[in-house]
Amino acid sequence: MKYVRYTYLGYSVAAFLVWGLILLIFWAQGNATTIHSLLLVFLGWAIAWFSTSIARIVYPPPKRWFNLKTQSWSAITGRETS
C-alpha cells in the first residue's frame, strides 16, 4: 500500500505543477476572459482531486479476487472455485 500512496502523491504533485505552469502561461498572455475560464476548470479539477483523495483515505481497498496462497480465484462471497 505504501507504493500506491507514493505513486498517488507523485501524480498529485506533478498534476499541480502542470496546472501551475498552464495557469502561469495563460496569465502571462493577459487575456482575462481566458484566465477566468481556465481558473474555473482548474477549480473543478481541484475539487474532484480533493474528493478522490478523501475517498482513497476513507474507503478500504477492495479484497483480492485471486488468492495468492491457494492459487485460486474467489468471488466476493469468499467461495473458492478452480
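Which residues make up the largest nonpolar core? In this predicted model, where local features need pLDDT of at least 70 and side-chain atom pairs count only at pLDDT 80 or more, totals for chains, interfaces and linings use all residues. Residues are numbered from 1 along each chain as its sequence is written, and side-chain values use heavy atoms, with hydrogens and water left out.

The protein has two helices and three strands, arranged along the sequence as α-α-β-β-β. Helices (H or I, at least four residues) and strands (E, at least two) are DSSP runs, numbered from the N terminus. Of the 82 residues in the protein, 15% are buried; here buried means under 20% relative accessible area, exposed over 50%, and partly exposed in between (1.4 Å probe, protein chains only).

The largest nonpolar core consists of six residues, namely Ala 15, Trp 19, Leu 23, Leu 38, Trp 45 and Ala 46. Two or more residues of this core come from each of α1 (2-29) and α2 (32-58). A nonpolar core is taken as a set of buried Ala, Val, Leu, Ile, Met, Phe, Trp, Tyr and Cys residues joined through side-chain atoms within 4.5 Å. Ile 22, in helix α1, is partly exposed, with a relative accessible area of 30%. Its C-alpha atom is separated by 9.0 Å from that of Leu 38, 16 residues apart along the chain.

Turning to the aromatic rings, the count comes to seven aromatic pairs. The ring centres of Phe 16 and Trp 45 are 5.0 Å apart and the planes stand at 75°, so this pair is edge-to-face. Phe 16 belongs to helix α1 and Trp 45 to helix α2, so the pair ties together parts that are 29 residues apart in sequence. Rings of Phe, Tyr and Trp (its six-membered ring) pair if their centres lie within 6.5 Å, with planes under 30 degrees apart counted as stacked, over 60 as edge-to-face and the rest as tilted. Ring pairs also link Phe 16, Trp 19, Phe 42, Trp 45 and Trp 49 into a cluster. Phe 16 itself is partly exposed, at 31% relative accessible area.

Helix α2 also holds Ser 53, which counts as buried at 12% relative accessibility. The side chain of Ser 53 makes a polar contact with the side chain of Tyr 8 at 3.0 Å. Such a contact is a pair of N or O atoms within 3.5 Å; within protein, one must be able to donate a hydrogen and the other to accept it, and residues adjacent in sequence count only if both atoms are side-chain atoms.
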